[in-house]
Amino acid sequence: MDVFDIIGPIMIGPSSSHTAGAARIGRYALNILGAKPVKADIYFSGSFAKTYKGHGTDKAVVAGILGMDTDDPGIKYSFDTAKHRGLDFAFHTCEIENSHPNTAFIVLESEAGKTVEVQGASIGGGNIVITKINGTPVEITGKFTTLIVLHRNIPGMISDVTSVLAKHDINIGRFDLRRSPKGGKGVMIIELDSDVPESVNEEIKSMKNVIDSTLLKAI
């Protein structure tokens, strides 16, 4: 735990959970999309669904999707900025079972037609946890550079991927593996202790039996 876990981030807005955390969920969804978004469907669950207008959660999420940080004065004008940049957005309320009270589910679409689905929770003090990406359960805080490696579930994949990181002197801070039965697909979620060049991600992406690899910068 560091000092920002206790006092929260420098931010615009009335609530670290409902504003700063919401902005970070939106920004992380943008990172996962990896392209300019043109459409966003935003679903609020639990406390978010009840209070998102009064606490500015809606403006904060849109600001994050536009790439704004928690202390950006432009958060309060994010709706106008979104329209200026050609982002079509809509809000919905729902109940997501077994989720944190401050949960948002975001569907983003890029100009090229790429879509991503990201579910995240604002857990206090501006901290977040991304809990699902494209339907796959994950646990990502966004505090560290993270690799998400989709691969065929066959023997040797973990050592193959981690050997690339070792070759480039990149240390693993946390490793998580989610997989289907043998012969199906697996997802490695690797939090790293330092920044990683995109060239390393491309090297992993080109490996045999790796379906895709996404490099997400810390936020």
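**Entry 1: the whole chain**

I started with burial and found that buried residues make up 45% of the 219 residues in the chain. Here buried means under 20% relative accessible area, exposed means over 50%, and partly exposed lies in between, with a 1.4 Å probe and protein chains only. I noted that this is a predicted model, where local features need pLDDT of at least 70, side-chain atom pairs count only at pLDDT 80 or more, and totals for chains, interfaces and linings use all residues. Residues are numbered from 1 along each chain as its sequence is written, and side-chain values use heavy atoms, leaving out hydrogens and water.

Next I looked up the secondary structure, which comes to seven helices and ten strands. These are DSSP runs numbered from the N terminus: helices are H or I with at least four residues, strands are E with at least two.

I also checked contacts (heavy atoms within 4.5 Å). Among those between residues at least 6 apart in sequence, 66% join residues at least 24 apart.

**Entry 2: the cores**

I looked for nonpolar cores, meaning sets of buried Ala, Val, Leu, Ile, Met, Phe, Trp, Tyr and Cys residues joined through side-chain atoms within 4.5 Å. Which residues touch the most other members of the largest one? Among its 38 residues, they are Ile 42, Phe 44, Ile 65, Ile 106, Leu 108, Ile 130 and Ile 140. Helix H2 (residues 16–33) gives the most to this core, with seven residues. I then found a second, separate core of 16 residues, including Val 161, Leu 192, Met 207 and Leu 215.

I clicked on Ile 140 as well: leaving aside residues up to four places away in sequence, its partners include Tyr 28, Ile 148 and Ile 189.

**Entry 3: H6 and H7**

Helix H6 (residues 157–167) and helix H7 (residues 198–205) pack at an angle of about 155°, with their axes 10 Å apart. Axes are lines fitted to C-alpha atoms, for helices over the stretch in contact, and angles run from 0 to 180 degrees between N-to-C directions. The angle makes H6 roughly antiparallel to H7; under 35 degrees counts as roughly parallel, over 145 as roughly antiparallel, 65 to 115 as roughly perpendicular and the rest as oblique.

Where do they meet? Val 161, Val 164, Leu 165 and Lys 167 in H6 touch Val 200, Glu 203 and Ile 204 in H7.

**Entry 4: H4 and H5**

Helix H4 (residues 57–65) packs against helix H5 (residues 78–85) at about 40°, with axes 8 Å apart, which makes H4 oblique to H5. Asp 58, Lys 59, Val 62 and Ala 63 in H4 meet Ser 78, Phe 79 and Ala 82 in H5.
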